[in-house]
Amino acid sequence: MRKKLLCLCTAVLLLCGCHGSRGLDAFAVPEAFDDARQYEITFWAKNDTNKTQTAIYTQAIKDFQALYPNITVTMRLYTDYGRIYNDVITNIATNTTPNVCITYPDHIATYMTGTNVVVPLDELFEDPGYGLGGTLLNYDGPGKDEIIPQFLQECRIGEHYYAIPFMRSTEAVYINKDFVEQLGYQVPDVLTWDWMYEVAEKATAKDGNGDYLINGQKVMIPIIYKSTDNMMIQMLKQLDAGYSDEEGTIAVFNDTTKELLYTIAEHARSGAFSTFKISSYPANFLNAGQCIFAIDSTAGATWMGTDAPLLDISPDKLVRFETVVRMVPQFHPDQPKMISQGPSLCIFNKSDPQEVLAAWLFAQYLITNEVQIAYAETEGYVPVTAKAQNTEEYQAYLAAEGMDNNEHYAIKILASRLLLEHPQYTFTTPVFNGSASLRDAAGQMIENVTKSVRRKQTIDEAYMEQMFQEVNALYRLDQHGASRTDPQDLGPLPAGSKALLGTLAAVWALILVYLALQKMKHRT
Amino acid sequence: MKKFTAILLGAAMLAGCTGKTDNTPEPTEDFTKSEGVMTYAEYADAALDTEVTIEAYVQAHQSWWDDKITVYAQDPDGAYFLYNMTCTEEDAAKLVEGQKIKVTGFKSEWAGEIEIVDATFEIEEGSWIAEPVDATELWGTVDMITRQNQKVLFKDLTVEDYGDGNAFAYKNAEEKTDDLYFKVTSGDTTYEFIVEFYLTGADTDVYKAVEGLKVGDKIDVEGFLYWYEGPNLHTTKVTVK
């Protein structure tokens with residue numbers, strides 16, 4: 001009997017474990033920060049294998065701890081966002097999430113499927129003492145109105161803010177100007193897709209030995225796109241075509257997408273277009289004189305061009321050319337649209353609101369001028385606050401464009417300027433549980449058609465329909481559709497659930513009866 | 001007893017000294033390719049982006065993840081890098097060193113690395129483990145690429161300064177959850193090699209050996225001759241002289 005009861009208890013506990021707990025209580029901002037207590041908070045961050053970035057994080061933590069000696073910050077560094085995402089998902093189940101995490105809104109939407117996992121920041125933003133630019137902060141933080149509105153808006157998921165922006169970038173086309181002119185063209189201020197394809201096609205001409213006329217080499221891929229998900233997203237946005245909506249309705253499988261894919265396939269077939277996943281880093285081809293239009297993040301600018309401070313090819317392969325930087329190609333150059341991307345900071349809920357407040361104080365510190373300016377200067381990133389952008393220090397940095405090929409590398413600063421000078425052209429995609437998968441799916445379709453034409457497969461309506469179905473299934477988009485991130489009224493419990501809860505209650509009652517009997521037996 | 005041990009040790013040392021440095025097939029293993037399977041020469045001649053079917057023996061693999069696995073495979077004539085092959089976790093456990101497999105996928109090139117992508121595989125009867133080939137004499141020559149992906153050995157290399165006087169660099173110095181990089185020279189030619197974390201993690205001898213390197217050390221290295229814009233050995237063993 002005893003063994004059986006123990007088994008039953010275990011089963012009940014397992015059942016409870018499987019179905020998860022109720023979750024944490026919603027976070028409420030404490031009236032005051034208890035600085036008599038000690039706090040240990042964890043910060044999960046990402047560096048681009050860039051030692052300077054790591055040093056900036058380390059310095060920021062040191063400076064913050066000097067301001068708040070009762071808060072100790074432990075940093076855990078990752079080299080890619082995907083790993084952070086996976087680890088957070090794993091740690092949600094065990095209530096061992098970090099306190100502060102660098103992440104993307106698409107990922108936060110998935111984290112939010114748990115109950116009160118991610119802290120909504122609206123109240124913290126507005127708190128007069130500890131909020132943005134609050135009077136009780138031990139540092140000079142930016143006010144809410146000093147955060148670039150477009151960047152802050154990206155952190156709004158449904159009705160609430162769940163993140164603060166940390167760094168922002170966009171994509172740029174890094175162009176070998178010499179080759180463009182050699183082909184008889186001038187680089188326009190705003191590229192169109194048609195113009196870029198036309199130049200690229202011309203560059204695929206070969207001589208009798210199979211060498212490309214443009215560079216005399218065996219290799220030339222005129223256009224290489226690093227992030228094909230961004231490519232598809234931006235093209236659809238520029239054409240005002242379907243992708244998804246705020247409710248999570250998937251609209252990417254449409255006729256415009258097909259037309260775009262047919263065009264991409266055509267240029268992949270001629271050898272004018274390829275992708276990072278298929279061929280390798282655009283920067284390596286560009287710097288070796290094997291690419292004319294390398295399209296990559298502005299945060300990758302330090303790899304682009306003859307004098308780039310970071311190079312992955314041997315010196316004997318490097319060729320000299322003039323690099324120019326332009327925003328991504330457009331369908332309507334009079335109404336440019338380019339993606340805004342970059343990491344944000346989210347705060348995970350804990351049972352102790354004071355600990356959450358300590359995490360918020362640290363997160364907010366990361367958008368102070370010192371941290372923002374230092375980090376932005378490591379790559380073609382842009383500070384997320386006007387407060388930092390308008391400082392003399394940052395303006396002097398921009399003005400020193402081209403003074404050297406390291407800190408003031410011209411291409412890096414030109415790439416930053418693309419975003420600094422055109423925030424009005426930026427957009428982001430709707431965020432919902434599943435939006436990260438949708439983004440992957442958008443890029444996968446470009447990868448698929450590019451690979452397929454290289455493999456001499458036929459790209460026709462049947463191919464497109466089948467690929468739409470396969471991509472839809474692979475990324476489980478049909479299971480994500482219309483999933484919202486705000487809490488919803490799910491209606492009354494199903495009968496099965498009611499029965500299960502009834503059984504659980506009965507089992508607990510039996511356990512209590514058993515324990516009471518044991519106690520009575522012991523007394524007697 | 002002591003005498004017996006000494007004889008055993010002597011025999012073992014002799015075996016070590018005269019150990020094979022080429023890939024002479026084991027007499028027990030039949031290396032004849034099955035029907036419809038390419039020889040290594042046919043694979044080498046196949047155009048990029050064409051479908052290929054090969055038979056080879058697993059020499060090592062990176063950690064399984066998300067129903068994918070990257071495998072270093074070889075037969076007596078050459079080697080194959082099987083990138084992100086579709087694989088269940090259950091099947092991954094069967095990919096032990098030496099295991100014969102039949103692979104169908106597409107021949108591809110990424111940054112100079114010739115590999116098979118979008119591949120599936122099946123387990124076959126047979127086992128063979130390649131000995132590392134001494135490729136030192138190819139160092140700095142265009143012929144180095146003829147050993148691409150093979151288990152190779154380079155002798156008498158000098159460890160270079162990777163920066164700031166360090167003999168190596170972490171991809172993630174704080175957590176040590178990623179690759180290690182180091183540079184080695186022989187003659188006038190320097191290459192950057194790697195300890196691929198998903199092949200040999202922080203608890204392996206090779207990872208620790210590279211962490212212990214000093215600029216100027218003379219070393220022998222073994223590994224799989226991966227290519228990234230040039231030779232980029234996925235190092236599996238480092239011996240400091």
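**Strands, cores and contacts**

Q: Which residue stands opposite A:Ile164 in strand 14 of chain A?
A: A:Leu345 stands opposite A:Ile164. This is a predicted model: local features need pLDDT of at least 70 and side-chain atom pairs count only at pLDDT 80 or more, while totals for chains, interfaces and linings use all residues. Residues are numbered from 1 along each chain as its sequence is written, chains are lettered from A and ligands numbered from 1 in the order in which they are written.

Q: What makes strand 6 and strand 14 of chain A a pair?
A: Two strands pair if DSSP finds at least two bridges between them. Strand 6 and strand 14 (residues 344-347) of chain A share 2 bridges, in the antiparallel sense. They therefore pair.

Q: Why are strand 2 and strand 6 of chain A called edge strands?
A: The open sheet has 5 strands in the order 2-1-3-14-6 in chain A, with mixed pairing. Strand 2 (71-78) and strand 6 (164-165) each pair on one side only. Strands are DSSP runs of E, at least two residues, and helices are runs of H or I, at least four, both numbered from the N terminus.

Q: How do you know which way helix 3 of chain A runs relative to strand 3 of chain A?
A: Axes are lines fitted to C-alpha atoms, for helices over the stretch in contact, and angles run from 0 to 180 degrees between N-to-C directions. Helix 3 (residues 81-93) of chain A makes about 135° with strand 3 (100-103) of chain A, and lies across strand 1 (39-46) and strand 2 as well. Helix 13 (residues 353-365) of chain A also packs on the sheet, at about 45° to strand 1 of chain A.

Q: What makes the largest set of 139 residues a nonpolar core?
A: A nonpolar core is a set of buried Ala, Val, Leu, Ile, Met, Phe, Trp, Tyr and Cys residues joined through C-beta atoms within 7 Å. Buried means 20 or more other C-beta atoms within 10 Å of the residue's own. The residues with the most contacts inside this core include A:Tyr162, A:Phe293 and A:Phe362. Helix 13 of chain A gives the most to the core, with 9 residues. Domain 1 and domain 2 of chain A each supply at least three. A second, separate core has 51 residues, including B:Tyr57 and B:Phe81.

Q: How do you know which residues A:Tyr162 touches?
A: Two residues are in contact if their C-beta atoms, placed from the backbone, lie within 7 Å. Among the residues that A:Tyr162 touches are A:Ile108, A:Leu121 and A:Cys346.

Q: How do the residues of the side of chain B that touches chain A divide by class?
A: Chain B gives 11 residues to the contact and chain A gives 14. The chain B side divides into 3 nonpolar, 2 polar and 6 charged. Asp, Glu, Lys and Arg count as charged; Ala, Val, Leu, Ile, Met, Phe, Trp, Tyr, Cys and Pro as nonpolar; the others, Gly among them, as polar.

Methods
A residue is buried if 20 or more other C-beta atoms lie within 10 Å of its own, exposed if 12 or fewer, and partly exposed in between; C-beta atoms are placed from the backbone. Domain bounds come from an automatic or database domain assignment. Lists of a residue's contacts leave out its neighbours within four places in sequence.
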